Amino acid sequence: MRTIKFRAWDSLHKVYRDHQDPQTIQAVIFGNDYDGRVIVEQFTGLLDKNGKEIYEGDILNWYTTKGTTNGLNMTVTYFDDRAMWGIVFGNGFDTFEAYMEFGDVGKQFEVIGNIHEGHQ
């Protein structure tokens with residue numbers, strides 16, 4: 001069974017609020033906490049090479065099987081038209097499925113930041 005988790009970016013206070021289930025995130029969105037400043041991001045179900053959870057809006061580095069990186073800042077997104085997770089970089093994009101031939105998909109990436117706080 002896949003894990004469904006969310007995090008919420010509070011753009012007013014510039015912090016993330018982590019939420020484990022849709023019920024809690026719904027309370028943030030539709031409850032007293034919400035005034036249009038909360039951006040909800042979903043967990044992809046993948047862990048990066050360091051065991052960190054990969055969420056929508058994260059910025060990633062990709063590592064080849066030789067351990068080198070391409071130096072691109074890749075942003076995690078959900079492609080509605082394909083109904084799958086992937087990455088956007090420069091003028092291009094890929095789905096995570098495109099990286100399956102290289103082994104464990106998550107282990108090929110490292111979270112280096114997110115779209116709200118920048119990257120390391």
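This report walks through the fold of one predicted protein chain, from its overall layout to a few single residues.

**Ground rules**

Because the model is predicted, local features need pLDDT of at least 70 and side-chain atom pairs count only at pLDDT 80 or more, while totals for chains, interfaces and linings use all residues. Residues are numbered from 1 along each chain as its sequence is written, and side-chain values use heavy atoms, with hydrogens and water left out.

**The chain as a whole**

The chain has 1 helix and 10 strands. Helices (H or I, at least four residues) and strands (E, at least two) are DSSP runs, numbered from the N terminus. Read from that end, the order is β-β-α-β-β-β-β-β-β-β-β.

Of the 120 residues, 37% are buried. Buried means under 20% relative accessible area, exposed means over 50%, and partly exposed lies in between (1.4 Å probe, protein chains only). The chain exposes about 7200 Å², and carbon and sulfur atoms supply 50% of that area. Accessible areas come from the Shrake-Rupley method with a 1.4 Å probe; for residues, only the protein chains shown count as cover.

A contact means heavy atoms within 4.5 Å. Among contacts with a separation of 6 or more, 44% join residues 24 or more positions apart.

**The six-stranded sheet**

Strands of a sheet pair through backbone hydrogen bonds, either parallel or antiparallel. Here, 6 strands form an open sheet in the order β8-β7-β6-β5-β9-β10, with antiparallel pairing. Two strands count as paired if DSSP finds at least two bridges between them. β8 and β10 (118–119) stand at the edges with a single partner strand each, so one side of each has no neighbour in the sheet.

| Strand pair | Bridges | Example partners |
|---|---|---|
| β7 and β8 | 4 bridges | Ile87 and Asp94 |
| β6 and β7 | 5 bridges | Tyr78 and Trp85 |
| β5 and β6 | 2 bridges | Ile59 and Thr75 |

β7 and β8 form a hairpin with 2 residues between the strands. Gly90 in this hairpin takes a positive phi near 50 degrees.

β5 is mostly covered, with 5 of its 5 residues buried. Asp58, Leu60 and Trp62 point one way, while Ile59 and Asn61 point the other way.

β1 (residues 6–10) is mostly covered too: 5 of its 5 residues are buried. Phe6, Ala8 and Asp10 point one way from this strand, and Arg7 and Trp9 point the other way.

**The nonpolar core**

In soluble globular proteins, nonpolar side chains tend to be buried together. A nonpolar core is a set of buried Ala, Val, Leu, Ile, Met, Phe, Trp, Tyr and Cys residues joined through side-chain atoms within 4.5 Å. The largest one here has 12 residues in all, including Leu60, Trp62, Val76, Trp85, Ile87 and Val111. The elements that give two or more residues to this core are β5 (58–62), β6 (74–79), β7 (84–89) and β9 (109–114). β7 supplies the largest share, 3 residues.

What does Trp85 touch, not counting residues up to four places away in sequence? Its contacts include Phe43, Val76, Tyr78, Phe79 and Phe96.

**Two residues to look up**

Glu110 lies in strand β9. Glu110 is buried yet has no salt bridge. A salt bridge is a side-chain nitrogen of Lys or Arg within 4 Å of a carboxyl oxygen of Asp or Glu. For charge, Lys and Arg count as positive and Asp and Glu as negative; His and the chain ends are not counted. The nearest side chain of opposite charge, Lys49, is 5.4 Å away. Leaving aside neighbours within four places in sequence, Glu110 is in contact with residues including Asp48, Lys49, Leu60 and Tyr63.

Ala83 sits in the loop between β6 and β7. Ala83 is not a glycine, yet its phi is positive, about 55 degrees. Is Ala83 buried or exposed? Ala83 is exposed, with a relative accessible area of 54%.
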